[in-house]
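Let us read this structure together, one feature at a time. Look at it first, then follow the questions.

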Amino acid sequence: MREIAIPQGDFLQGAVDRKILAKLQGDFPLCERPYAEAAAQLGIGEDELLQRLQRLLADKVLTRFGPMFQVEAMGGAFVLAALAAPEARYDEVTALVNELPEVAHNYRREHALNMWFVLATETPDGIAEAIARIERDTGLAVHAFPKEREFFVEMKLAARL
Amino acid sequence: MIDNIDRALIVATQGGLPLVPRPYHAIAEQLGLSADEVMQRLRAMLESGVIRRIGAVPNHYAIGWTANGMTVWDVADDQVDALGERIGALDFVTHCYRRPRALPAWPYNLFAMVHGASRDECAAKAGEIRALLGDACRASDMLYSTRILKKTGLRLGA
């Protein structure tokens, strides 16, 4: 795993939140009382860990707590795509794109291609269908950038505030 | 590959694990399985790579990574794979892929994500990538993200 140093600060509620971010991005135990086991490693109680996770999720510091899936390993497909949404229509296009459950992530970026999203579909054919639907719904051309080779993927960033 | 029970487990957990003391038992009850089978299957999916990991998925903006740049590079075809390996090995790069160009509008074939607390920090990291690519790089850009529009991860239909 690739970890990035944790600068000190007060963005999160103290050292415990930062420790949760640093230690709990993977390796959550598969056992009867996994929160109790993880909490013990963090030096806190099970209740406290559950409460902190609830708060971190409610505050959107965490987007999720659970398994991260790799859709290709289950026979599906994962493709980065982009479109150029006119500014006046940006919110409308965002809603149309996000409506598809196949859109796993979507980011606004500074470029003529100003909307970049990842499609995750259960079958490889699902990608073309999702792209066709977005093009039909928005009237905009979608550029697909399927990966040809993966050199590295590990999105684990430690808290730094 | 996965069977129907794995798929049901994915649907049950893709939004997150229950925040209760015995989450795997709760899932088991919901699906009519034993807790042992739930844990066993999750372990098997971890081993096969269907699950990358189990844990906290942070909103990287909220934890201080407020500058997020997708660096993109037009790298000579005969050198892109060797250089991609080296860029991917940089400790600050979180994703690195070779992708097709979309000419004429999009000449870039190598993508690498960098993150920082400021754009200056991202620019410095992009500079390191640039130095590593040397003469093999013909053009480049960095697309900063300015908003997360969606970040749910995989969602299979129930």
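Q: Which elements of chain A do the buried residues of helix 3 of chain A pack against?
A: They pack against helix 1 (14–23), helix 2 (34–42) and strand 1 (62–69) of chain A. Helices (H or I, at least four residues) and strands (E, at least two) are DSSP runs, numbered from the N terminus. This is a predicted model: local features need pLDDT of at least 70, side-chain atom pairs count only at pLDDT 80 or more, and totals for chains, interfaces and linings use all residues. Residues are numbered from 1 along each chain as its sequence is written, while chains are lettered from A and ligands numbered from 1 in the order in which they are written.

Q: Which residues of helix 3 of chain A are buried?
A: A residue is buried if 20 or more other C-beta atoms lie within 10 Å of its own, exposed if 12 or fewer, and partly exposed in between; C-beta atoms are placed from the backbone. Here the buried ones are A:Leu49, A:Arg52, A:Leu53 and A:Leu56.

Q: Why do the buried residues line one face of the helix?
A: An α-helix has 3.6 residues a turn, so residues three or four places apart point the same way. Seen down the axis of helix 3 of chain A, its buried residues fall within an arc of 100° (taken from the directions from the helix axis to the C-beta atoms), so they line one face. On the other side of this helix, A:Asp47 and A:Ala58 are exposed.

Q: What follows helix 3 of chain A?
A: A:Lys60 does, and its phi is positive, near 65°.

Q: How many residues of chain B are in contact with chain A?
A: Two residues are in contact if their C-beta atoms, placed from the backbone, lie within 7 Å. By that rule, 66 residues of chain B touch 64 residues of chain A. Strand 5 of chain B gives the largest share of chain B's side, nine residues.

Q: In what sense do strand 3 of chain A and strand 5 of chain B pair?
A: Two strands pair if DSSP finds at least two bridges between them. Strand 3 (residues 103–109) of chain A and strand 5 of chain B pair in the antiparallel sense, over five bridges. A:His105 stands opposite B:Lys151 in strand 5 of chain B.

Q: Where is B:Leu156 found?
A: B:Leu156 sits in the segment after strand 5 of chain B. It has 18 C-beta neighbours inside 10 Å, so it counts as partly exposed. Leaving aside neighbours within four places in sequence, B:Leu156 is in contact with A:Glu122, B:Arg7, B:Ile10, B:Val11 and B:Gln14.
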